[in-house]
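Here is a short note for someone opening this model for the first time. Please read the points alongside the structure.

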Amino acid sequence: MMATVNSQTLTERQKGLAACACLMAQGDLERLEPAVKTALDNGVTINELKEAFSQLYAYTGFPRSLNALGVLNKVLENRQPSWQEGKPWTRPAIWDDAAKALKQGTEVQTKLSGRAFNYDFCPQDDYYLKSHLFGDIFAGDQLMAADREIVTVAALSGLEGVAPQLAAHKQGAVNMGNSQELVDELCAWLDSKGYTLRSKWPKGEPNSYGTYFIGQSYLADVGGGVMNVTFEPRCRNNWHIHHKAVQVLICVAGRGWYQEWGKEAVEMTPGTVIAIPAETKHWHGAAKDSWFQHLTYHRDVQEGASNEWLEPVADEVYDKLK
């Protein structure tokens, strides 16, 4: 199915497909479950999600595809009346004609690539791509070609080490009917919502202070006494106090929280700067559904300055944050 998406603004339905695809690719089943519910609330049909998760096995492997379908099946145990089944699934006719699947797949691949593509170095993969991925899989009628590429770009955006394929499919998304503006918006939206982490700042190595964190964090020395701390979704440090020093936090990517003892939590987004007074009990960390990255350094450091780690931030405190 070929159609041009003229809108330059992602619809809530497209965002739902993209979020589910990205989280499925990362194998993040905890975040995928609420994302599936939101997608269904926003007009993605059950059969469209089945098709998206099935297609992505070709990009992320059967285990993650099956796990995502398992999440969808679990969500449907409490099916809401507003959720749509969608177009009934029908078996594509070309599944019974290998020659037709190869011919149609070659045409789809040429359209997506913008030119004929022959992978002579490995004839096996050349055949699999043409006949199976772009033939058998793309023959399904649950998603139009433009939507399939939104799903693929979102999934590849969530993976590391696939930059050439992501670049190719970003162009392929345009070739299959999306506007360039919409593809750019898609990638920016995935970053802004913390589904992906595209940052100029290094992620670093696993945090040596991880004993004082819930979840996984990373630490990178960026010079000048400044450290970059990267938090995976839901990761936060324990309550702690900086004695005889002011700590400065500068959010550079994703979304997170800062909270002082006895006060409301403050949301941190790129550009947020917080100076934490000495002797103030506080914590900071990622939002539930987003990576979070902040720079940190100390000023007004006095003799005998130290850091005192305290109790973890309880789930009942953290889970109340919206």
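Which residues are exposed on the other side of α2? Point 3 answers this.

1. Basis. This is a predicted model, in which local features need pLDDT of at least 70, side-chain atom pairs count only at pLDDT 80 or more, and totals for chains, interfaces and linings use all residues. Numbering runs from 1 along each chain as its sequence is written, and side-chain values use heavy atoms, without hydrogens and water.

2. Overall picture. The protein has eleven helices and 13 strands. Helices (H or I, at least four residues) and strands (E, at least two) are DSSP runs, numbered from the N terminus. Along the principal axes, the C-alpha atoms fill a box of roughly 80 × 45 × 35 Å. Of the 322 residues, 46% are buried. Buried means under 20% relative accessible area, exposed over 50%, and partly exposed in between (1.4 Å probe, protein chains only).

3. Helix α2. On the other side of α2, Glu-30 and Asp-41 are exposed. The buried residues of α2 are Arg-31, Leu-32, Ala-35, Val-36, Ala-39 and Leu-40. Seen down the helix axis, these fall within an arc of 160°, so they line one face of α2. The arc is that of the directions from the helix axis to the C-beta atoms. The buried residues pack against α1, α3 (46-55) and α5 (62-75). Just after α2, Gly-43 has a positive phi of about 105°.

4. Helix α10. Here the buried residues are Leu-182, Val-183, Leu-186, Cys-187, Trp-189 and Leu-190. They sit on the same side of α10, because they cover an arc of only 160° around the axis. Their cover includes α1 (12-26), α8 (145-157) and α9 (163-175).

5. Six strands make an open sheet, ordered β1-β3-β4-β12-β7-β10, with antiparallel pairing. The edges are β1 (205-206) and β10 (273-276); each has a single partner strand, so one side of each lacks a neighbour in the sheet. Two strands pair if DSSP finds at least two bridges between them. Strands β3 (residues 217-223) and β4 (residues 226-231) pair over six bridges, in the antiparallel sense. Ala-220 stands opposite Asn-228 in β4.

6. Contacts along the sequence. Take contacts (heavy atoms within 4.5 Å) between residues at least 6 apart in sequence: 72% join residues at least 24 apart.
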